[in-house]
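This briefing concerns the structure shown below. Please consult the sequence and the coordinates alongside the points that follow.

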Amino acid sequence: MGTAIAGFAVLALGIVLIPYPGPGWLVVFAGLAILATEFAWAGRVLKFAKARYNQWTAWLRRQPLPLRLLVLAATGLVILATLWLLGVFSLVAGWFGIHNPLLDPPFSRLVG
C-alpha cells in the first residue's frame with residue numbers, strides 16, 4: 001500500500017513538472033517504475049511512455065530549427081501561463097511592493 005501511495009505521489013509530481021525545465025519526464029518514469037513493482041499495468045504504461053517519449057525526441061531532432069524553436073516557445077508559454085495561474089508573478093511582485101492587477105491570477109478576482 002505504501003509503495004502504491006509513493007508511486008502515485010511521484011507520478012503526480014512528475015506530471016506537474018513536465019512542462020518545466022528539469023527532470024519532469026524522469027520523475028514520471030520514476031513514479032511509473034515504483035508503481036510497476038506492485039502493478040503490471042504500470043509496467044506496460046512505463047514501456048509505452050518511454051517508447052513514445054523516445055519517438056517524440058527523435059522526431060523533434062529531425063525537424064528544422066524554426067519548428068524546434070516554435071516548440072520551445074510553446075513550452076515557455078505553458079510555463080508562463082501556469083506560473084500566472086498559480087499566482088507566482090503576483091507573489092514575487094508583492095515582495096518588491098509592486099501591485100498590478102494583471103499579475104493576479106484570474107481566480108483571485110472571484111473572491112471578495
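What percentage of the 112 residues of the protein count as buried? The share that counts as buried is 21%. The model under discussion is predicted.

**Fold and dimensions**
- The secondary structure consists of five helices and zero strands, and the pattern along the sequence reads α-α-α-α-α.
- The radius of gyration is 18 Å, whereas a compact globule of 112 residues would have a value near 13 Å.
- The C-alpha trace extends over about 50 × 45 × 25 Å along its principal axes.

**Contacts and surface**
- Among contacts in the protein with a separation of 6 or more, 30% link residues 24 or more positions apart.

**Nonpolar patch**
- A nonpolar patch on the surface is formed by Leu91, Val92, Trp95, Phe96 and Ile98, which together have about 570 Å² of accessible area.
- Leu91, one of the residues of this patch, lies in helix α5, which covers residues 88-95.
- Leu91 counts as partly exposed because its relative accessibility is 48%, between the limits of 20% and 50%.

- Asp104 is located in the segment after α5.
- Because its relative accessibility is 14%, under the 20% cut-off, Asp104 counts as buried.
- A polar contact of 2.8 Å joins the side chain of Asp104 to the side chain of Ser90.

How values were computed
Residues are numbered from 1 along each chain as its sequence is written. This is a predicted model: local features need pLDDT of at least 70, side-chain atom pairs count only at pLDDT 80 or more; totals for chains, interfaces and linings use all residues. Side-chain values use heavy atoms; hydrogens and water are left out. Patches are made of residues with over 30% relative accessible area and no salt bridge: like charges are joined within 9 Å, nonpolar side chains (Val, Leu, Ile, Met, Phe, Trp, Tyr) within 5 Å. Accessible areas come from the Shrake-Rupley method with a 1.4 Å probe; for residues, only the protein chains shown count as cover. A salt bridge is a side-chain nitrogen of Lys or Arg within 4 Å of a carboxyl oxygen of Asp or Glu. Helices (H or I, at least four residues) and strands (E, at least two) are DSSP runs, numbered from the N terminus. Buried means under 20% relative accessible area, exposed over 50%, partly exposed in between (1.4 Å probe, protein chains only). A polar contact is a pair of N or O atoms within 3.5 Å; within protein, one must be able to donate a hydrogen and the other to accept it, and residues adjacent in sequence count only if both atoms are side-chain atoms. The radius of gyration is taken over C-alpha atoms; the globule rule is 2.2 Å times the number of residues to the power 0.38. Contact means heavy atoms within 4.5 Å.
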